[in-house]
Amino acid sequence: MLNASNLMKSFDGLGVLRGISLQVNEGEVVAIIGRSGSGKSTLLRCLNNLEKVDGGTIEIDNQALVKNGVYCPAAMQRKLCLKMGYVFQNFNLFPHMNVLRNLTEAQCCVLGREKDQAQKYARELLQKVGLADKEKAYPYQLSGGQQQRVAIARALAMDPEILCFDEPTSALDPLLTQEVLGVIRSLSAEKRTMVVVTHEMMFAREVADRVVYMEDGVIVAEGRPGEVFDSDKVRSFTGLGD
Amino acid sequence: MELIQQQLPIVLHSLNIGFLQTLKLFIVTLLGAMPLGLVIAFGSMSRFKPLSVFTRVIVWIVRGSPLMIQLLIIYYFPGLVLHNPIWGGGESGRFLAAAVAFIFNYACYFSEIYRGGIQSVPVGQIEAGYVLGMTKTQIFLRVKLLQVIKAIVPPMSNEIITLVKDTSLARIIALQEIIWAGQSFMKGSQGISGAIWPMFFTAVYYLAFNGIMTLLLGWLEKKLNYYR
Ligand SMILES: Nc1ncnc2c1ncn2[C@@H]1O[C@H](COP(=O)(O)OP(=O)(O)OP(=O)(O)O)[C@@H](O)[C@H]1O
Ligand SMILES: [Mg+2]
């Protein structure tokens, strides 16, 4: 479904991604873990075209977003990236739109859905994330956890094939973290394809089908959660070693 | 007192005519400077270095020098130096020259406010629009625009109130606005001379006008406060 190989990216001469290859299969939940500064966010941002790689290939549904460092035309990039959804660490809801409008805006202007249809779908999704009663609220009136759940619903409204999360709970306190993790958990139960960058090790262990451990811009361990968490390198990182 | 009562209608009539010219200059300046300011703002934010440097230098010069000097130069330079008095000598020529000077001057001030407003929208907002598949234009119109407007309304209000008072500077090229009208009764006009009190009345016009503007802009600011 998503196939990235040999991705290279540097900022001001500093290599942040140094030959990353990652494959995401349909229905799979991939967790990306690693120390701060290891390049997790950069990787996820490159996959969603928020950042351009310097080299490597990214294929979404067998179509190349970038091939050996050469990007496809801009219109094509936008089309391909519609297959990807992205949830930000700090939500980035549109502050001037109420919750419902946050969910319908892009459905209408990007996918060309009718307003009623978009609203109906938005309400279904709000129900799903447990916020059916908040459709009229503005983002500032919601808690962080609620905002993040709206952001997840907003991403889902575009029917992405792969949903990406960059530390979706690290701006939240523990109680609110759980409500957001609960939503992600329920999405994984529906066999949604997801890539989750997270510091929540217990969660990664529980929900992920595959865990990817990054260090200094390379993937040093990858596999089933049990295997990866028990490998020595990762143990020293998680601090669960001894 | 009785004399003033006799003269009042004459004075008010003159002041009204002057105020109309003031109002005209005010409106024309806003209509011209608001869009031109946006063009200048985009110029100063351009990634094409020569353009952005050039624009910023111009803005710096215009904001750093008195509007009165700019008025004088724009009005007199073509005639005195180029021997080509493009503005003509009449009131309409003076108005045109004043309008050009005001529009350009205020566009430069507005451009800086716009630039601040546009840059105040967090990058995350733009990225959020982007990952939802919006085009640049859609992001500008649907995501940024209202946030920019909310950010610029308070500083724009200040500039607009200042503009109301600045229109009086056009007096320097003898534009027949309200100060000119009030002053004429000091010098002598329509049988009234040496009268200072019409000047107090001109101040009342400015106060009333600014009062209305303050209310209007305050209302707009409040309207935009529906979100934080
Ligand atoms: N826009 C940028 N400009 C310059 N350097 C950047 C930029 N974005 C990221 N970096 C650098 O790239 C490196 C990797 O950053 P990245 O955000 O991908 O790490 P991360 O693994 O997500 O870390 P964290 O767990 O703290 O979120 C860091 O050294 C960071 O300073
Ligand atoms: Mg990060």
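Trainee: Which residues are linked with A:Arg210 in a network of salt bridges?

Mentor: A:Glu28 and A:Glu222 are linked with A:Arg210 in that network. A salt bridge here is a side-chain nitrogen of Lys or Arg within 4 Å of a carboxyl oxygen of Asp or Glu. Before going on: this is a predicted model, where local features need pLDDT of at least 70, side-chain atom pairs count only at pLDDT 80 or more, and totals for chains, interfaces and linings use all residues. Residues are numbered from 1 along each chain as its sequence is written, chains are lettered from A and ligands numbered from 1 in the order in which they are written, and side-chain values use heavy atoms, with hydrogens and water left out.

Trainee: Okay, what's the N to O distance between A:Glu222 and A:Arg210?

Mentor: It's 2.4 Å for that salt bridge. A:Glu222 sits in strand S11 (residues 218-223) of chain A and A:Arg210 in strand S10 (residues 210-215) of chain A, so the pair ties together parts 12 residues apart in sequence. Strands (E, at least two residues) and helices (H or I, at least four) are DSSP runs, numbered from the N terminus.

Trainee: Is A:Arg210 buried or exposed?

Mentor: Buried, with a relative accessible area of 13%. A:Glu222 counts as partly exposed because its relative accessibility is 38%. Buried means under 20% relative accessible area, exposed over 50%, and partly exposed in between (1.4 Å probe, protein chains only).

Trainee: How many salt bridges over all chains?

Mentor: The count comes to 17. One of them joins A:Arg45 and A:Glu51, with the closest N and O atoms 3.0 Å apart. Both A:Arg45 and A:Glu51 are buried.

Trainee: And in chain B, what does B:Glu91 pair with?

Mentor: B:Arg94, with the closest N and O atoms 3.0 Å apart. Both lie in helix H4 (residues 91-120) of chain B, three residues apart, about one turn of the helix. B:Glu91 is partly exposed at 21% relative accessibility, while B:Arg94 is buried at 13%.

Trainee: New topic: where is A:Gln147?

Mentor: In helix H5 (residues 144-156) of chain A. A:Gln147 counts as buried because its relative accessibility is 16%. Leaving out residues up to four places away in sequence, A:Gln147 touches A:Phe91, A:Leu93, A:Pro139 and A:Leu142, where contact means heavy atoms within 4.5 Å.

Trainee: Last one: how many residues lie between S1(A) and S2(A) in their hairpin?

Mentor: Two, and A:Asp12 in the turn has a positive phi of about 50°. Strands S1 (residues 2-11) and S2 (residues 14-24) of chain A pair in the antiparallel sense over eight bridges; pairing requires at least two bridges found by DSSP. A:Ser10 has A:Gly15 as its bridge partner in S2(A).
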